Amino acid sequence: MKIISILNHKGGTGKTTSTANIGAGLARLNKKTLLIDIDPQANLTEGLGLINTEKSIYDSIKDDKYKTPLPIVEISEFLHLVPSSLDLLGAELELVSRSKRESILEKLIHGININYDYIIIDCPPAMGLLTLNALVPSTTVLVPLEAEFYAYKGIDRLINIIENVQFNFNPELAIGGVFITKCNSQRILTDSIKTSVKKYFGEKLFDTSIRVNVALAEAPVSGQNIFDYSPTSNGAIDYGNLVDEILMKI
Ligand SMILES: Nc1ncnc2c1ncn2[C@@H]1O[C@H](COP(=O)(O)OP(=O)(O)O)[C@@H](O)[C@H]1O
Ligand SMILES: [Mg+2]
């Protein structure tokens, strides 16, 4: 059982798109997969076709007696989701005085994790308490990097934070790797970005990059993953390859 946090402090780097489609790709291979949306923006939840769910992760997080189990919605036989909602926006502040406030999600996951091969957590674009709650129970961090010059700007701080979590809360946490998203078709530009990212991350850079593909942006509008929405698209091919690489390396 692996718990993977999809993390980048920047917005728009493809965290949510990657969570949805890595999850769908794993489920397609009959791996029992649970997606957890811990971003107050709830993009993952909405992108899977769920709007105004009756219960969200917030209901479980706010219950300091831990009597409210995580709500789990069945997307398909092998793919389940813990939905988020805007209520979660207040959580960071509401939890300030809670004891063990960094391990709330860990407690909530305990016991349900045995039902899954993979749990994938879609993190918010911030390094606050919600992200810390994602990292504490995680075995692995994956970082999607948007293909642009200095994509790794600020990434050394991100790595510092991960090391800090390893040291203080979770010695099991490993940086599984980084992968490039939104790759442009202008080959020369993309190649030189890849070269610089490779220099920085070495082995940790995945061979698979995700190309810019409009189907990836369209799929969530109809509540679908890329494999159902457009199985022959570049997006489906790229996320299919990424899933294979994740299965091999993690
Ligand atoms: N490879 C891609 N090609 C085209 N659009 C993409 C791609 N990856 C993500 N997007 C779009 O870019 C925006 C930001 O992606 P998202 O996954 O929500 O990033 P994050 O969760 O890191 O903020 C979304 O509108 C999404 O549909
Ligand atoms: Mg997101």
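Trainee: Which atom of ligand 1 does a backbone N or O atom of R211 approach, and at what distance?

Mentor: A polar contact is read as a pair of N or O atoms within 3.5 Å. In this predicted model, a backbone N or O atom of R211 lies 2.9 Å from a nitrogen atom of ligand 1, so the pair falls within that cut-off.

Trainee: How much of the accessible area of ligand 1 does the protein cover?

Mentor: On its own, ligand 1 has 560 Å² of accessible area, and the protein covers 77% of this.

Trainee: How many residues surround ligand 1, and which are the closest?

Mentor: The shell consists of 14 residues, and the closest are G12, K15, T16, T17 and N213. Sorted by class, this shell has 4 nonpolar, 7 polar and 3 charged residues. Two elements, α1 (15-28) and α9 (214-218), each give two or more residues to the shell, and α1 gives the most, with 3 residues.

Trainee: Where does ligand 1 sit, and how much space lies there?

Mentor: Ligand 1 sits in the largest pocket, in which about 520 Å³ of space lies.

Trainee: What lines the largest pocket, and which residues lie nearest its centre?

Mentor: The lining is made up of 30 residues, of which G14, K15, T16, T17 and L216 lie nearest the centre of the pocket. The elements that give two or more residues to this lining are α1, α2 (43-47) and α9, and the largest share, 5 residues, comes from α1. By class, the lining has 13 nonpolar, 13 polar and 4 charged residues.

Trainee: Which element should I then look for in both lists?

Mentor: Look for α1, which gives the most residues to the shell around ligand 1 and also the largest share of the lining of the largest pocket.

Conventions: Residues are numbered from 1 along each chain as its sequence is written. Chains are lettered from A and ligands numbered from 1 in the order in which they are written. This is a predicted model: local features need pLDDT of at least 70, side-chain atom pairs count only at pLDDT 80 or more; totals for chains, interfaces and linings use all residues. Side-chain values use heavy atoms; hydrogens and water are left out. A residue is near a molecule or strand if one of its heavy atoms lies within 4 Å of it. A polar contact is a pair of N or O atoms within 3.5 Å; within protein, one must be able to donate a hydrogen and the other to accept it, and residues adjacent in sequence count only if both atoms are side-chain atoms. Accessible areas come from the Shrake-Rupley method with a 1.4 Å probe; for residues, only the protein chains shown count as cover. On a 1 Å grid over the protein atoms alone, a cavity is a set of points where a 1.4 Å probe fits but cannot get out, and a pocket is an open set with protein on both sides within 12 Å along at least five of seven lines; lining residues have an atom within 4 Å of a point. A molecule sits in a cavity or pocket if more than half of its atoms lie within 2 Å of its grid points. Helices (H or I, at least four residues) and strands (E, at least two) are DSSP runs, numbered from the N terminus. Ala, Val, Leu, Ile, Met, Phe, Trp, Tyr, Cys and Pro count as nonpolar, Asp, Glu, Lys and Arg as charged, and the others, Gly among them, as polar. Grid points are joined across faces, edges and corners, and a volume is the space filled by probe spheres set on the points.
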